[in-house]
Amino acid sequence: MDFPNTLLFTYFLILSAAIDGAHAYAMVTGSVFCDQCKDGQRSLFDYPLSGVKVTMACANSNGQITMRREETTNWFGSYAMRFDDIPDLTGCYAQVSGSEEGSTGCSAAAGPAQSVRLMFRMFDMEMYAVDSLLSQPAQPMSFCPRSSTPVPSPPSPSTPTRPPSFRLPPLPPAPPVPFLEASACSHEKWTAPEYKCHWKVVNPDMKVAVVFGPLAAEKYGTDMTVWEGLQGRGDPYRTLLREAITSLLNSYNSLLFPYHTLSVIQHMSLALMGSQQNVLLTALRFRRANSGSPNLTCKLTPCK
């Protein structure tokens with residue numbers, strides 16, 4: 001199982017512990033990425049797609065569709081589908097099937113469907129994962145390595161246990177090329193008025209609980225905003241939050257930042273589950289990454 005699905009599995013396992021476990025249910029999770037180089041696999045140049053519709057369909061032994069469910073990816077390119085009473089998900093597959101009106105994403109076709117795999121079963125709960133789904137532009141981006149050549153999508157499955165291919169509507173134009181220059185900026189830079197235009201995926205009014213999940217909601221409450229979190233100091237947990245938010249902003253601003261987006265969220269969650277010493281160590285590691293080095297400086301430019 002690749003890293004994003006490992007993180008999603010951990011995330012929803014934690015979430016399930018906070019929900020009344022008396023009712024049986026199954027959870028399916030996965031992520032969608034833009035395959036900018038059209039190499040048919042995850043790479044440094046790929047990024048999560050938000051606002052993308054994912055359809056999961058299940059077929060019986062005769063190839064007839066018995067169940068269909070659609071969900072939209074969140075800001076981090078992930079999605080989750082909950083099914084009550086633990087239905088039979090044998091023979092189920094997921095595929096990108098479109099995008100929300102006005103959302104951004106890759107502009108051309110979707111990658112192949114991926115099967116739903118059982119990862120965990122306990123009492124009345126089942127957790128399933130789907131390998132990363134890909135969406136591709138019409139042509140590889142200009143910054144892709146020359147060795148990256150388009151890989152045609154494999155033919156649609158013809159076995160009777162798989163659902164037929166979905167007819168995909170055209171997706172909207174691809175977003176601007178991600179920032180490829182290495183950059184690391186401190187929280188003082190990100191809170192300066194002249195750099196407000198660099199807040200893109202995450203905005204100052206977003207809730208910390210929405211960005212970092214249920215563990216952060218339990219620790220910091222559901223009303224604290226990202227902007228308020230950047231003001232934290234003195235308390236180890238507030239310091240951790242400040243540096244984690246700063247690292248998250250840096251990860252969206254530069255593909256070469258030491259922590260990628262999902263890694264920031266994972267380290268934050270692991271720190272909140274550990275001791276206060278873990279909290280301090282994680283905050284220190286984020287702080288070092290955000291401070292940069294002689295070869296890794298802040299590349300933010302004042303807004304016009």
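Helix α6 crosses helix α7 in a left-handed sense, meaning that the near helix is turned anticlockwise from the far one by less than a right angle. This is a predicted model, in which local features need pLDDT of at least 70 and side-chain atom pairs count only at pLDDT 80 or more, while totals for chains, interfaces and linings use all residues. Residues are numbered from 1 along each chain, and side-chain values use heavy atoms, without hydrogens and water.

**Packing of α6 and α7**
- The axes of α6 (residues 236-253) and α7 (residues 261-273) lie 8 Å apart at an angle of about 170°; axes are lines fitted to C-alpha atoms over the stretch in contact, with angles from 0 to 180 degrees between N-to-C directions.
- The two helices are therefore roughly antiparallel, a label for angles over 145 degrees.
- In contact (heavy atoms within 4.5 Å), α6 residues including Tyr237, Leu241 and Leu248 meet α7 residues including Val264, Ile265 and Met268.
- The residues of this contact comprise eleven nonpolar, three polar and no charged.

**Nonpolar cores**
- The largest nonpolar core has 38 residues, of which Phe212, Tyr220 and Leu240 touch the most other members; such a core joins buried nonpolar residues (under 20% relative accessible area, 1.4 Å probe) through side-chain atoms within 4.5 Å.
- At least two residues of this core come from each of α3 (208-212), α4 (214-220), α6, α7 and α8 (276-291).
- The greatest contribution to this core is that of α6, with seven residues.
- Leu240 touches Tyr220, Met268 and Phe286, among others, leaving aside residues up to four places away in sequence.
- A second, separate core of 23 residues includes Ala26, Tyr47, Cys58 and Tyr128.

Conventions:
Helices (H or I, at least four residues) and strands (E, at least two) are DSSP runs, numbered from the N terminus. Angles under 35 degrees count as roughly parallel, over 145 as roughly antiparallel, 65 to 115 as roughly perpendicular and the rest as oblique. Ala, Val, Leu, Ile, Met, Phe, Trp, Tyr, Cys and Pro count as nonpolar, Asp, Glu, Lys and Arg as charged, and the others, Gly among them, as polar. Buried means under 20% relative accessible area, exposed over 50%, partly exposed in between (1.4 Å probe, protein chains only).
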